[in-house]
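Here is a short report on strand pairing and aromatic contacts. Please read it alongside the model.

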Amino acid sequence: MSAVSAAEESAQPEASASDPGAEPDVDPGAEAASAAESAPAESASSEDPELDAVSLRAEQILGEMTLEEKLYQLFVVTPEQLTGSDDPVTQADEAVKAALEAHPVGGVIYMENNLETPEQVTSLSAALQADSKYGLFLAVDEEGGRVARFGNNAALGTTSFPAMLELGQQGTDAVQRAMTTIATEVGAFGVNLDFAPVADVYTNPENTVIGDRAFSTDAETAAALVEAAVTGFRQGGMLCTLKHFPGHGDTQGDSHTEAVYTDKTLEELRETEFLPFQAGIAAGAEFVMVGHICTPNITDSTTPATLSYTMVTEILRGELGFDGIVITDGMNMSAITAYYNSGEAAVQAVQAGVDLILMPNSLEGAVAGLQAAVESGELSEERIDESVLRILLCKLRQGILPTD
């Protein structure tokens, strides 16, 4: 993900899929509306007593939550989205504390303007966690290369790495060491979730949004390097994210500014784009980020993968066997905001099987849309519980939430 700034996202107008100006062949929720509910949430039954205790604790917390608290857990936002501030948030003051109490989001993502000095970032992270009732995923885009919020800020003193395409040429050991370094150094600032590694295969030389952010132009090489990257993140104690499913490296266009398509068939994706995701999943990646990529030769529609039950539940969860947390790419990107308002997009993402929604254009609008969908029966509270339980389990296992 290359998330736009809070100022950019706040300037983007809301749009409705039913507006006359919306793309006519986008059918909001066409796939999800007729789909069955996603797979059941994880069970508390296990032969491991420690896992049993974690699962029981997650279910206990879930049972004590209000619907509103559950809905807010489904979002990761910038500090400015949380507080409504027009200025960069660098300190967790009373306004931040009040905002977290009113809007108990699942996570916060740091951008460049939130990061000034080591002491300031560490203090901000500690205060945010202290003010959060259910703990926070404190996230950042730290891929290395040109997308490195810490590594490209000399004031923070972390290691700067070359582009992943260059690093990948040094082999799996170099990639694993680099990701362990990123995890260790960035983790020292209180960050617990990295939106990396990029699992795209750079097969289209005209694709500039991914380009050298990918590890390789060859799918099998990329798969081996993604596996090494995930291993490195896990060795460094950092939650990591495979992105951008179902594969952004062969597309033309940038989902920050327009709808993006791949004309590949499912079989073609299996032969190339899916290989690094499968390797990363097998290596233990806890998150997969779904991109706003339309797959008309698979879904027979222009619905972005982020909102597609076929792509998220049937293929990512069903075929690829991913049972971790599915997060969207930034929902303030034009590939979404040009065709859906925040409520519509949030509802369709959850219907598709998504667990976490990243940077909605309007947090309040997205939560209101989900609440109205639950109240009307369009979404069941059981479907919400499924994602919240998955989120709570991850937080407990990572130590973000206490187990007692």
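Buried means under 20% relative accessible area, exposed means over 50%, and partly exposed lies in between, with a 1.4 Å probe and protein chains only. Both Phe245 and Phe274 are buried in this sense. The model is predicted: local features need pLDDT of at least 70, side-chain atom pairs count only at pLDDT 80 or more, and totals for chains, interfaces and linings use all residues. Residues are numbered from 1 along each chain as its sequence is written, and side-chain values use heavy atoms, with hydrogens and water left out.

**Strands**

Helices (H or I, at least four residues) and strands (E, at least two) are DSSP runs, numbered from the N terminus. Two strands pair if DSSP finds at least two bridges between them.

Strand E9 covers residues 287–290. It pairs with strand E7 (residues 239–245) in the parallel sense, over four bridges. Here Met289 of E9 is the bridge partner of Lys243. Four bridges also join E9 to strand E11 (residues 325–328), again in parallel. In E11, Val326 is the bridge partner of Val288.

Which way do the side chains of E9 point? Phe287 and Met289 point one way, Val288 and Val290 the other, and all are buried. In a regular strand the side chains alternate between the two faces of the sheet.

**Aromatic pairs**

Rings of Phe, Tyr and Trp (its six-membered ring) pair if their centres lie within 6.5 Å; planes under 30 degrees apart count as stacked, over 60 as edge-to-face and the rest as tilted. The count comes to four aromatic pairs.

| Pair | Centre distance | Plane angle | Class |
|---|---|---|---|
| Phe245 and Phe274 | 5.4 Å | 20° | stacked |
| Phe245 and Phe277 | 5.4 Å | 90° | edge-to-face |

Phe277 counts as buried because its relative accessibility is 0%. Phe245, Phe274 and Phe277 form one aromatic cluster.

**Charge and cysteines**

A charge sits over a ring if NZ of Lys or CZ of Arg is within 6 Å of the ring centre and within 35 degrees of the ring normal. Lys395 lies over the face of Phe137, at 5.1 Å from the ring centre.

A disulfide is a pair of cysteine sulfur atoms within 2.5 Å. The count is zero disulfides. Cys240 is buried at 0% relative accessibility, and Cys294 is buried at 3%.
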